[in-house]
Amino acid sequence: MLPFKLVYSDDYYLPIGTHVFPAEKYRRIHNRLLETGVAEPKDFVTPQPASDLDVLLVHTPQYVHKLKTGTLSAREELEMEVPYSPELVRAFWLAAGGSILAANHALNDRIAFSVGGGFHHAFPDHGEGFCMIHDVAIAIRRLQRDDKITRAMTVDCDVHQGNGTAAIFAGVRVPSRSLPSTAPSALSPSAAAKLRNAHAGDVFTISLHQENNYPAFKPPSSIDVDLPDEIGDDDYLAWLDNALSSGLRQFDPELLCYIAGADPYREDQLGGLALTIEGLKRRDELVFRVARARDIPVMVTFAGGYARKVEDTVTIHCNTVIAAKEIFSAPKLSS
Ligand SMILES: [Zn+2]
């Protein structure tokens with residue numbers, strides 16, 4: 001049995017027809033985890049859909065009304081890049097409910113997974129890039145409203161910048177600035193990535209992403225690491241280490257929301273980085289080790305993954321669960 005919960009529903013299927021987004025990946029992750037003995041049926045918990053009030057903690061009443069009544073404009077639907085249907089609305093509400101549940105479990109168990117979440121391109125007033133509503137932001141705002149946390153950090157390792165996250169949580173801040181490529185850490189990545197820093201509000205947002213990729217306009221996160229094309233495992237991990245170290249020097253979160261996209265993988269159809277499956281697991285291990293060492297609860301979402309072989313995407317996501325199992329089952333070293 002796992003030392004944490006996996007929030008999952010068989011209804012985690014996005015009804016979007018033939019699409020580059022592998023809507024069936026959630027069921028495949030669930031099945032693979034059971035077949036390989038990584039998880040048992042009782043490790044899974046079933047979510048309820050978020051309430052409209054939960055969704056309204058992040059999204060505008062006008063946008064929620066359009067979603068509930070099917071009155072998005074053609075342009076708005078195009079921008080979302082998934083075909084609107086009432087069933088799709090229900091699927092996204094369920095994913096948001098799943099992330100709320102997982103965030104609550106994370107506070108109790110130190111880590112929990114929202115298998116159906118990570119829709120980081122949704123803005124308060126519109127959807128983008130396969131994302132209708134922002135489940136992670138909704139979960140954070142719900143926990144804040146319930147007085148369970150005040151400060152959260154998002155660590156977004158999807159290959160695409162977390163533009164919705166950045167826009168939603170833009171606090172009081174100074175204009176972003178480019179820092180030299182010598183990042184403030186003992187580890188010196190060789191690739192010429194850029195680390196940009198902006199002030200944060202009550203949610204500190206970190207995004208590591210391919211600079212030359214969607215979204216074209218990247219609203220500033222608290223820390224953005226703009227990675228060059230084709231960056232490999234070691235450089236990526238060094239930049240992640242830098243960003244985490246820098247972020248945790250500036251900010252002390254009570255919850256870390258890890259957006260563990262599978263699309264930095266070198267075989268991804270929508271990504272241009274060159275991480276291996278092993279490198280992606282090392283990435284997960286790094287985030288979990290840092291969070292565990294500092295006793296920061298972690299809520300994990302899976303976000304994107306468009307490998308040429310869907311099985312690879314499933315492997316990468318399942319490896320994130322395995323990494324958590326290894327790290328959170330091990331005895332904690334005392335400092
Ligand atoms: Zn992505």
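Predicted model: local features only at pLDDT ≥ 70, side-chain atom pairs only at ≥ 80, totals over all residues.
Let's start with D11. You'll find D11 in the loop that runs between strand 1 (5-7) and helix 1 (25-35). Is D11 buried, exposed or partly exposed? Count the other C-beta atoms within 10 Å of D11 and you get 17. Being buried takes 20 or more, and being exposed takes 12 or fewer, so D11 counts as partly exposed. What does D11 touch, once residues up to four places away in sequence are left out? The answer is A91 and L94. Then there's G116: D11 and G116 sit 105 residues apart in sequence, yet their C-alpha atoms are 9.5 Å apart in space.

Next, hop along to helix 6, which covers residues 135-145. This helix is mostly covered, with nine of its eleven residues buried. The buried ones are D135, V136, A137, I138, A139, I140, R141, R142 and L143. Just after helix 6 comes D147, and D147 takes a positive phi of about 60°.

Our last stop is a pair of helices. Two packed helices are described by the angle between their axes and the distance between the axes. For helix 8 (residues 233-250) and helix 9 (residues 277-293), the axes come within 10 Å and cross at roughly 15°. An angle under 35 degrees counts as roughly parallel, so helix 8 and helix 9 are roughly parallel to each other. Their crossing is right-handed. Helix 8 brings D233, Y236, L237, L240, D241 and L244 to the contact, while helix 9 brings G279, R282, R283, L286 and V290. Sort the residues of this contact by type and you have six nonpolar, one polar and four charged.

How values were computed:
Residues numbered from 1 in each chain as written. Helix = DSSP H or I, 4+ residues; strand = E, 2+ residues; numbered from the N terminus. Axes fitted to C-alpha atoms, helices over the stretch in contact; angles between N-to-C directions. Parallel < 35°, antiparallel > 145°, perpendicular 65-115°, else oblique. Left-handed = near helix turned anticlockwise from the far one by under 90°. Contact = placed C-beta atoms within 7 Å. Nonpolar A, V, L, I, M, F, W, Y, C, P; charged D, E, K, R; others polar.
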